[in-house]
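Let's take a walk through a protein fold together. Have the sequence and the 3D view ready, and follow along one step at a time.

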Amino acid sequence: MAAELDLSQPERRLRDLARAMRQEEGGREMRRALTKRLRAAAGPVRQAVRAAIRAAPSAGHSSGRSLRSAIAQKVQTVAKTGGKAVGVRIVAKETTSVRGFTHAPRRFNSAAGWHHQTFGGEPEVHQTGEPGWFDDTIWYRKAEFRGAVEEVIEETAQRVARGL
């Protein structure tokens, strides 16, 4: 599960900037710094997504690890400056270690929900998570996300132009 920010023009600029940094002396360190700054720029939105899943209502009586906490922990920011997928993404990785529920982030975000077995009661029950916890949170903070990423790209482009 990944939410992409469509940065058509800035995305091209980021790709061109990364290519220009390859030609510079010390370009590898500059690209690492750029990637780090891009992830930091997306940090507030990532934290908002994590807060949204943790705030989802819970009716479980589990003695194990919280499903919402496990999903929140798997929300990550991925920044790439090379290849075809240049840009910054907020991704909810698979949760293989939580009760065998690999696609928990996707199912929890879906209005369709999921079925699971129970112990002692009915053989199988249907459960719905918090539809939109991921997509809606990112959509509402899209302008903030875009602005922060564009600012990092612009500042880095100016540094490369100055030869720092």
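Starting from the N terminus, the elements of the protein run β-α-α-α-β-β-α-β-β-α-α. That comes to six helices and five strands, where helices (H or I, at least four residues) and strands (E, at least two) are DSSP runs numbered from the N terminus. Keep in mind that this is a predicted model, in which local features need pLDDT of at least 70, side-chain atom pairs count only at pLDDT 80 or more, and totals for chains, interfaces and linings use all residues. Residues are numbered from 1 along each chain as its sequence is written, and side-chain values use heavy atoms, leaving out hydrogens and water.

Now look inside. Of the protein's 164 residues, 37% count as buried; buried means under 20% relative accessible area, exposed over 50%, and partly exposed in between, with a 1.4 Å probe and protein chains only. In soluble globular proteins, nonpolar side chains tend to be buried together. Here the largest nonpolar core has 36 residues, and L38, L67, F108 and W133 have the most contacts inside it. Such a core is a set of buried Ala, Val, Leu, Ile, Met, Phe, Trp, Tyr and Cys residues joined through side-chain atoms within 4.5 Å. Helix α2 gives the most to this core, with eight residues.

Let's zoom in on L38. Leaving aside neighbours within four places in sequence, L38 is in contact (heavy atoms within 4.5 Å) with L14, A79, T81, V88, V149, V152 and I153.

L38 also takes part in a meeting of two helices, where residues of α2, including L38, meet residues of α6, including V149, V152 and I153. Helix α2 (residues 27-54) and helix α6 (residues 142-162) pack at an angle of about 160 degrees, with their axes 8 Å apart. Axes are lines fitted to C-alpha atoms, for helices over the stretch in contact, and angles run from 0 to 180 degrees between N-to-C directions. The angle makes α2 roughly antiparallel to α6, because angles over 145 degrees count as roughly antiparallel, under 35 as roughly parallel, 65 to 115 as roughly perpendicular and the rest as oblique.

Where does T95 lie? T95 is in the loop between β3 (87-92) and α4 (104-109). Is T95 buried or exposed? With a relative accessible area of 1%, T95 is buried. Beyond its neighbours within four places in sequence, T95 has contacts that include A70, I71, K74 and F101.

Finally, find I138 in helix α5 (residues 135-140). I138 is buried too, with a relative accessible area of 10%.
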